[in-house]
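Here is my note on the model.

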Amino acid sequence: MALMSMFLMTSCNSRQTYSEGGPIAEDEDTVLVIGDQAQGRYLLKDGDYQATKEGLQGPVTVEMQVKDGYISKIEVVSHEENPGVVEAAFDKMIEEMVDKQSAQVDVIAGATEASQALKEAVRDCIRQAESSS
């Protein structure tokens, strides 16, 4: 009973947004989680968006595609980071971002600066898509 009460108390403060993949918990400090398919609302305008942010070795340029109001594709089109080191990190983060419909993912150890640049570039793309709707 006490465990159930504790669960109910902790779950009362969580918020969820529904995306194409299902519910996603939102971080209260950010509005980078998008979409509410349950309500039929889409916060992003369809199109292709590009942003560049500085990584450890140089710029990281990202293209993001929005289709039907959702992020459908994210691609790193250029970077000057160490080849063979960051590609796996980028692939993992991109897959998670598309699944979550959010830039709110963890950076990858060993590629921290490049991972942060990817997150910031995707955030910029999301902002572009929000402001153009």
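1. Gln101 is buried, with a relative accessible area of 1%. Buried means under 20% relative accessible area, exposed over 50%, and partly exposed in between (1.4 Å probe, protein chains only). Gln101 sits in the loop between H2 and H3. Its phi is positive, about 60 degrees, although Gln101 is not a glycine. Gln101 follows H2.

2. A word on the basis. This is a predicted model, in which local features need pLDDT of at least 70 and side-chain atom pairs count only at pLDDT 80 or more, while totals for chains, interfaces and linings use all residues. Residues are numbered from 1 along each chain as its sequence is written, and side-chain values use heavy atoms, with hydrogens and water left out.

3. Compare Asp68. Asp68 also is not a glycine and has a positive phi, about 55 degrees. Asp68 lies in the loop between S4 and S5. Is Asp68 buried or exposed? Asp68 is exposed, with a relative accessible area of 53%.

4. Overall make-up. The chain has 3 helices and 5 strands. Helices (H or I, at least four residues) and strands (E, at least two) are DSSP runs, numbered from the N terminus. Along the sequence the pattern is α-β-β-β-β-β-α-α. Of the 133 residues in the chain, 36% are buried. The chain exposes about 7900 Å², and carbon and sulfur atoms supply 50% of that area. Accessible areas come from the Shrake-Rupley method with a 1.4 Å probe; for residues, only the protein chains shown count as cover.

5. The sheet. Three strands form an open sheet of 3 strands in the order S3-S4-S5, with antiparallel pairing. Two strands pair if DSSP finds at least two bridges between them. The edge strands are S3 (47-54) and S5 (70-79), each pairing on one side only. Neighbouring strands of this sheet are turned by 20 degrees against each other on average, direction ignored. Axes are lines fitted to C-alpha atoms, for helices over the stretch in contact, and angles run from 0 to 180 degrees between N-to-C directions.

6. Bridges in the sheet. How many bridges join S3 to S4? There are 8, and S3 and S4 (residues 59-67) run antiparallel. Lys53 has Val60 in S4 as its bridge partner.

7. Helices on the sheet. Helix H2 (residues 86-100) lies across S4 and S5, at about 165 degrees to S5. Helix H3 (residues 112-131) lies across S3, S4 and S5, at about 145 degrees to S3. Contact means heavy atoms within 4.5 Å. Among contacts between residues at least 6 apart in sequence, 45% join residues at least 24 apart.

8. H2 geometry. At 1.5 Å a residue, the 15 residues of H2 should span 21 Å, and the end C-alpha atoms are 21 Å apart, which agrees. The expected span is 1.5 Å times one less than the number of residues.

9. The faces of H2. Val86, Ala89, Phe90, Met93, Ile94 and Met97 are the buried residues of H2. Seen down the axis of H2, these fall within an arc of 125 degrees, so they line one face of the helix. The arc is that of the directions from the helix axis to the C-beta atoms. Their cover includes S4, S5 and H3. On the other side of H2, Ala88, Asp91, Lys92 and Glu95 are exposed.
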